[in-house]
Amino acid sequence: MENISIEHFLIVSTLMLFTGIYGFLTRKNLITMLMSAELILNSVNINFVAVNKFLYPENLQGQFFAMFVIGIAAVEVAVAIAIIISLYRKVRMIDVEKVNEMKY
Amino acid sequence: MEQIVFYILASMIVIFSVLTVTTRKILRAAVYLLTVLLATAGFFFLLNFNFLAAVQLTVYAGGIVVLIIFSIMLTSHVNERLEATGNRKKFFSFVAVLAGALICISTILDYGFKEKSDIEINTSMSKIGTDLLSYGDGGFVLPFEVISILLLAAMIGAIVLAKRETQN
């Protein structure tokens with residue numbers, strides 16, 4: 001790992017994070033917005049692991065935080081997909097701009 | 001050698017994450033997301049975090065992507081094209097994202113990280129298991145227990161939400 005520094009990893013994860021934010025802003029379908037959120041969470045994982053490896057190698061805190069982020073992402077996807085499916089059953093579509101049933 | 005692998009994985013991540021948020025076919029977006037997650041697992045292997053890479057492959061690539069593909073199959077037609085976003089919205093989102101990315105990257109390049117390359121990181125399975133269940137320094141038993149309660153609550157919540165309402 002002589003020639004690859006921490007900046008390389010951080011730049012890749014920055015690009016991934018902002019791609020996810022772009023998707024979150026422009027998409028209208030709920031499932032694709034969920035995928036953008038996955039991209040954002042995943043880029044945070046890369047950051048945690050790179051900082052753990054290069055700056056604080058005496059402990060494994062970054063690895064454990066990345067593991068908990070993965071677990072919470074699984075929870076989030078499970079609940080979000082349950083909501084999307086029950087919403088689809090009610091109104092037969094999952095576009096965020098047309099679904100305002102939950103407001104009332 | 002490691003450098004070549006790194007650049008291949010990095011370009012895969014960047015290209016496929018852009019494709020994930022720009023493609024008009026929803027099933028393809030899911031497959032591109034799967035590729036991004038696999039390349040991230042490759043990063044973890046490259047950094048010697050073997051257990052984390054295995055967790056990434058099984059939970060993310062195996063579990064979450066399958067769940068997403070299931071919900072796509074349940075809610076939309078496979079060949080259906082997504083509605084295009086307005087050019088105005090696209091433009092302003094792109095400008096905001098580009099500005100944010102430039103600020104972050106310039107900060108990262110200016111910061112001057114002090115890398116500790118003399119200590120070799122220990123990611124053996126026994127150290128992970130001991131740390132995860134110890135309550136001393138560097139132990140993670142409290143978040144471990146909290147996340148198990150959270151997983152149970154989410155499981156019950158997902159079942160209740162997705163259950164078909166009984167006819168009355």
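Helices (H or I, at least four residues) and strands (E, at least two) are DSSP runs, numbered from the N terminus. The expected span of a helix is 1.5 Å times one less than its number of residues. The model is predicted: local features need pLDDT of at least 70 and side-chain atom pairs count only at pLDDT 80 or more, while totals for chains, interfaces and linings use all residues. Residues are numbered from 1 along each chain as its sequence is written, and chains are lettered from A and ligands numbered from 1 in the order in which they are written.

| Helix | Residues | First to last C-alpha | Expected at 1.5 Å a residue |
|---|---|---|---|
| α1(B) | 21 residues | 30 Å | 30 Å |

A residue is buried if 20 or more other C-beta atoms lie within 10 Å of its own, exposed if 12 or fewer, and partly exposed in between, with C-beta atoms placed from the backbone. By this count α1(A) is mostly covered, with 15 of its 21 residues buried.

In α1(B), the buried residues are B:Phe6, B:Ala10, B:Ile13, B:Phe16, B:Ser17, B:Thr20 and B:Val21. They line one face of the helix, because they fall within an arc of 150 degrees seen down the axis of α1(B). The arc is that of the directions from the helix axis to the C-beta atoms. An α-helix has 3.6 residues a turn, so residues three or four places apart point the same way. The exposed residues B:Ile4, B:Ile8 and B:Ser11 sit on the face of α1(B) turned away from its buried side.

Two residues are in contact if their C-beta atoms, placed from the backbone, lie within 7 Å. The buried residues of α1(B) pack against α1 and α2 (30-54) of chain A, together with α2 of chain B.

B:Phe43 lies in helix α2 of chain B. This residue counts as buried because it has 24 C-beta neighbours inside 10 Å. Leaving aside neighbours within four places in sequence, B:Phe43 is in contact with A:Ile46 and B:Leu9. B:Phe43 and B:Phe6 are 37 residues apart in sequence, and 7.4 Å separate their C-alpha atoms.

The contact between the chains takes 63 residues from chain A and 69 residues from chain B. On the side of chain B that touches chain A, α3(B) gives the most, with 13 residues.
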